Amino acid sequence: MATPAIHLAHSRALGLTYERIEECGLEIRSVASHVGAIEMSLVARGDVIVVGCSDRMLLTPGFRSHIQRLSAVARVLAVVPAPGPDSAYLAARAGCHGLVAREVSCEAFRRAIEAAQRGELVYPRGSVASLFRLIKRNGKQNGVNHTQHLTPRQRQVVELIADGATDRKVADVLGISESTAHKHVQNALRRANAKTRSQLVARTHRSSARISRALGIA
């Protein structure tokens, strides 16, 4: 197989996508300071675009819009610092073809790039296991449905969070104070037994069927 040609999109918030990229022996076709700065005229169908991001960024509508635009042409690989249990869900939901930890070795990073180039889905084994558990849990008709434990207002708040809304944005949309919006978020976290907003979205947002199709398991 030819040496993979890739496009890098660094992050304004996180810095370099992968600090050891020069050690990987990859052909870097273009480099952008952030995902929105990628020059689409340089991207060919089937290319691999490596994007530095975080769970919070994967929840942001603007960032997701960029990923979806890119994934229609190329294969997008998200590089996340210390991926958590919900990172795979968020990456797949955003339209990424795979996810890799920024801390992996050069050999592992290169293997991920080569797999993406072959058209394979590239997710860490542990992340895939977490994702399957999430899909299985959400797919059980008689299983626990965390949305049942939320009030109608809390469900509204969760849907807004899933679209990347901050407490201030939630307050503006719902016509409530920011402190009240924050209380709704905290109550939703407690009722869903979630520690973070990304975990709250993963446990309550109704996207399991779409994620299954994205991963080719539906």
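Select R110. With 23% relative accessibility, R110 counts as partly exposed (buried is under 20% relative accessible area, exposed over 50%, partly exposed in between, with a 1.4 Å probe and protein chains only). This is a predicted model, in which local features need pLDDT of at least 70, side-chain atom pairs count only at pLDDT 80 or more, and totals for chains, interfaces and linings use all residues. Residues are numbered from 1 along each chain as its sequence is written, and side-chain values use heavy atoms, with hydrogens and water left out.

E114 and R110 are 4 residues apart in helix α4, so about one helical turn separates them. Helices (H or I, at least four residues) and strands (E, at least two) are DSSP runs, numbered from the N terminus.

Stay in helix α4 and pick F109, then Y18. Their ring centres are 4.0 Å apart and their planes at 5 degrees, so the pair is stacked. Rings of Phe, Tyr and Trp (its six-membered ring) pair if their centres lie within 6.5 Å; planes under 30 degrees apart are stacked, over 60 edge-to-face, the rest tilted. Y18 sits in the loop between β1 (5-9) and β2 (27-32) and F109 in α4 (residues 106-117), so the pair ties together parts 91 residues apart in sequence. Both Y18 and F109 are buried.

Next, strand β4, residues 75-80. Of its 6 residues, 5 are buried. β4 pairs in the parallel sense with β3 (residues 48-52) over 5 bridges, and with β5 (residues 98-101) over 4 bridges; pairing takes at least two DSSP bridges between two strands. Check G52 opposite V79, then V80 with its bridge partner A101.

Now show C53 and C96. Which distance separates their sulfurs? The gap is 5.9 Å, too far for a bond. The whole structure has 0 disulfides (cysteine sulfur atoms within 2.5 Å). C53 is buried at 1% relative accessibility, and C96 is buried at 7%.

Finish at D167 and R197. Their side chains form a salt bridge of 2.6 Å, N to O. D167 lies in helix α7 (residues 167-174) and R197 in helix α9 (residues 197-204), so the pair ties together parts 30 residues apart in sequence. D167 is buried at 13% relative accessible area, while R197 is partly exposed at 24%.

Definitions and conventions:
Salt bridge = Lys/Arg side-chain N within 4 Å of Asp/Glu carboxyl O.
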